[in-house]
Structure formats: structure tokens, C-alpha cells
Amino acid sequence: MSDSSNARIALITGASSGIGAAFARAYAARGCGLVLVARRMERLEALAKELKNAHGTKSLPVRADLAKPGAVQEIAGELARRRLFPDILVNNAGYSIARTFLGADWPAQQDFIEVCVTAPAALSRALLPAMVEKGWGRIINVSSIAAFSPGAKGHTLYPAAKAFLLKMSQSLAAEVSEKGVHVTALCPGQTESEFADANGTRGEIARARMPTQTPDEVVKAAIRANERGREIIVTGLRNRLAVAAMKVLPDGLSAALIRPRAAKFSLPD
Ligand SMILES: NC(=O)c1ccc[n+]([C@@H]2O[C@H](COP(=O)([O-])OP(=O)(O)OC[C@H]3O[C@@H](n4cnc5c(N)ncnc54)[C@H](OP(=O)(O)O)[C@@H]3O)[C@@H](O)[C@H]2O)c1
């Protein structure tokens, strides 16, 4: 591999499955050391072993529940104790609640906000200073094409959280791109992973037979875009067309087209 991520350290949240595990494999193949963060430690340890055997990768698996306030500070403390200063941050951990706002209780919504909004911002704040000091850094925030959607019944806070990551990425890019830090919002559409298992919509997704990308396809496009300094990458032609349509159509028309279809991917309250 010849890009400039050689011999760097990449911290990836949500590395225990799906897109996060694909990021870990891709950065390991580029010669990076890894800090792998998620709750399922046995998955992280198995991935670390796989990547050590495949590439000689040094990995630090870190068990963390990002819904817990203070989790990011604990991770930062552990990194400081080990004198580890990641050069690459992938804010990937995430999920959605496939119910209406009133169909899920507030603690569940609050956990969602901690994982999908607060943790990525806090991790960026924790790791950016060392990147800026080194004059080299990479941040990829895993957003979604949902960031461009007009909102629909069910998964209520998901488009808002993903739009937060999109806007945060753009603002950070404006602040640090001249300091050698590339910040990219990654916006995939439907991707094969455990996402639908985690939110209980595997059956609905299978019935819809939507075009789906693999995590490897998504990650390949993301790393290429990030290396080029692109602020936003929408992966796959169909997703780019969908986003283009959502940008040009009036919100009312976009909502009328999207909401009946989106409702099929929500569970009854
Ligand atoms: N799949 C799609 O169609 C799709 C489309 C657009 C965007 N995305 C985004 O892609 C990202 C990755 O999702 P995926 O599709 O790869 O789904 P996935 O296979 O379910 O992976 C989600 C990851 O997030 C971690 N995670 C969830 N809650 C966590 C918590 N409280 N603390 C720490 N880690 C937590 C999970 O690890 P543990 O359970 O081990 O903690 C897992 O590694 C998400 O941000 C998602 O919104 C997915």
C-alpha cells in the first residue's frame, strides 16, 4: 500500500462488526497499528488475532460502552497512560432505534445520542490536538445518506444524528485541513452488516430487497476520499443519485416520496 497512512495508528470505534471491522482490516493491510473499540471484547480480540496473523498488526482491543457518559474520557486516559497518540480516528460505532420517538423510552434515546453524537465529538476533541501538533491526521465520521433525508416516522433521531456528523465533519475540515488533518463524513446507504440485527429489522430489510453494498466497498471508497481530502463521500452510484434527488427536490416532495417507504423499516410501537 502506498498511501500516507502507512505505519500510523488508527482508532476505530464499533470495530467488532460490519463497517468498523472492515476499516480495521483495511488499515491493518496498510500497515497501521490499531486501537479497536466496542463492547464485545471477544470479537475485538478475535479480530486482533486475525490481523496479527495476516499482517503482523499490533492491536489494542478496548472494551467500552460509548453510551456511558465518561467512556471517551476513560479511553483517552488509557491511551495517555500507554503514550499512544492515534493518527487516524474512525468514528463508526452506531445503530438506530427502529421505533417512533414515543415508542422508545428516554434512556434509550439518550444512549443513542451518547453513542452517535456525543462520543464522536468527544473523541475528535480528545485526539485532534496530537494530530494537529504532528501536522498529520485523518478523521472519518460514519454518517449516512439518511443525513440528507427529510425525516420519517421511526428511527426518529437517526437522520438528525447523521446530519450532525455531516456538519461537524465539514466544520472540522474547515478548521484543520490546513493543519494536515483530513476530515471526511462517510455517507453509505444500505450496507451488509449486523445493523438490521441490532435494531430488529432484518425481516423488513430482506423483504425490501434493496441494493446493498459490502462493508469493504464502503471502506475502500471512504479511505480513498479521506486521503484525497474530500469532506463528504456518498458511496455507490445509486446512493449518489438518491442524495442528488433529495438535494434538488423541495422538502415536501422529498418527504412524500420517502416517508411511505421509510415507514416499512420501522417496528410497531
Ligand atoms: N449498515 C448500514 O446499512 C448503514 C448505512 C449507513 C450508515 N451506517 C452506519 O455505519 C456504522 C456502522 O454500522 P454497521 O452497519 O457496521 O452496523 P453493525 O455491524 O451493527 O456495527 C455497529 C458497531 O457499533 C458498535 N456499537 C454499538 N453500540 C455501541 C456502544 N454502546 N458502545 C460501543 N460500541 C457500540 C457495535 O459494537 P458492540 O455491539 O460490540 O459494542 C458494532 O461494532 C453506524 O454508525 C451506522 O449508523 C450503516
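Student: How many bridges join β1 to strand β2?
Tutor: Five bridges join β1 to β2 (residues 33-38), and these strands run parallel. Two strands pair if DSSP finds at least two bridges between them. Strands (E, at least two residues) and helices (H or I, at least four) are DSSP runs, numbered from the N terminus. This is a predicted model, in which local features need pLDDT of at least 70 and side-chain atom pairs count only at pLDDT 80 or more, while totals for chains, interfaces and linings use all residues. Residues are numbered from 1 along each chain as its sequence is written, and side-chain values use heavy atoms, with hydrogens and water left out.

Student: Which residue of β2 is the bridge partner of T13?
Tutor: T13 has V37 of β2 as its bridge partner.

Student: And why is β1 largely enclosed?
Tutor: Strand β1 (residues 9-13) has four of its five residues buried, so the rest of the structure largely encloses it. Buried means under 20% relative accessible area, exposed over 50%, and partly exposed in between (1.4 Å probe, protein chains only).

Student: In which sense do β4 and β5 pair?
Tutor: Strand β4 (residues 88-91) pairs with β5 in the parallel sense, over four bridges. V90, for instance, has I140 in β5 as its bridge partner.

Student: Changing topic: where is H155, and what is its phi?
Tutor: H155 sits in the loop between β5 (137-142) and α5 (158-176). Its phi is near 50°, a positive value in a residue other than glycine.

Student: Does H155 count as buried or exposed?
Tutor: H155 counts as buried because its relative accessibility is 16%.

Student: Where is the place of R209?
Tutor: R209 is found in the loop between α7 (202-208) and α8 (215-227). Although R209 is not a glycine, it has a positive phi of about 45°. Its relative accessibility is 74%, so R209 counts as exposed.

Student: Last topic: which residues of α1 and α2 make the contact?
Tutor: A21, A24, R25, A28 and A29 of α1 meet L47, E50, L51 and H55 of α2; contact means heavy atoms within 4.5 Å.
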